[in-house]
Amino acid sequence: MAFVITDPCIDTKDTACVDVCPVDCIHPRKDEPEFAQATILYIHPDECIDCGACVPACPVAAIYDAPDSTPASQKTLVEANAIFRTGDPDAVSRAEEIVKAHVASHQDLMQIPAAERAAAHGK
Ligand code: F3S
Ligand code: F3S
């Protein structure tokens, strides 16, 4: 199991989660080349140790504690988190395509300010 970043992170990219993660498994960091092009940040599921530190750090409640607890409206982003790999252009573009498709199919959620969006995610 691993924690999952979801759509309130889109264009927010606060990075407070990066600062508190003890195993540096949230990417891209600000000093990584993909940061500018990435729409959201991603948690590497094999490296995440489920410590929970990132959840309260996120100002827009974008992080869920497992794929199973990630709401149905956000499920496709579980895969985006899993496939993103810093330094792998193919993985980066595949992850970003998933995010773009998510945005296109959830315009209702995108109309809600990021800080209020998690409340509208549903179950
Ligand atoms: Fe890192 Fe712990 Fe979150 S390992 S991604 S801060 S759950
Ligand atoms: Fe995104 Fe929240 Fe981290 S906005 S970058 S998940 S602190």
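**Note on the predicted model**

1. Contacts first. In the protein chain, 73% of the contacts with a separation of 6 or more join residues 24 or more positions apart. Two residues are in contact if their C-beta atoms, placed from the backbone, lie within 7 Å.

2. Basis. This is a predicted model, in which local features need pLDDT of at least 70, side-chain atom pairs count only at pLDDT 80 or more, and totals for chains, interfaces and linings use all residues. Residues are numbered from 1 along each chain as its sequence is written, while chains are lettered from A and ligands numbered from 1 in the order in which they are written.

3. Elements. The protein chain has six helices and four strands. Both are DSSP runs: H or I of at least four residues for helices, E of at least two for strands. From the N terminus the order is β-α-β-β-α-β-α-α-α-α.

4. Overall size. Along the principal axes, the C-alpha atoms fill a box of roughly 30 × 30 × 25 Å.

5. Burial. Of the 123 residues, 33% count as buried (20 or more other C-beta atoms within 10 Å of the residue's own, with C-beta atoms placed from the backbone).

6. Ligand 1. It has 14 residues around it (C-beta atom, placed from the backbone, within 6 Å). Phe 3, Cys 21, Cys 51, Ala 53 and Cys 54 come nearest. The shell has twelve nonpolar, one polar and one charged residues. Ala, Val, Leu, Ile, Met, Phe, Trp, Tyr, Cys and Pro count as nonpolar, Asp, Glu, Lys and Arg as charged, and the others, Gly among them, as polar.

7. Ligand 2. Here 14 residues form the surroundings, with Cys 9, Thr 12, Asp 14, Cys 17 and Cys 58 the closest. The shell around ligand 2 has ten nonpolar, two polar and two charged residues.

Terms used:
A residue is buried if 20 or more other C-beta atoms lie within 10 Å of its own, exposed if 12 or fewer, and partly exposed in between; C-beta atoms are placed from the backbone.
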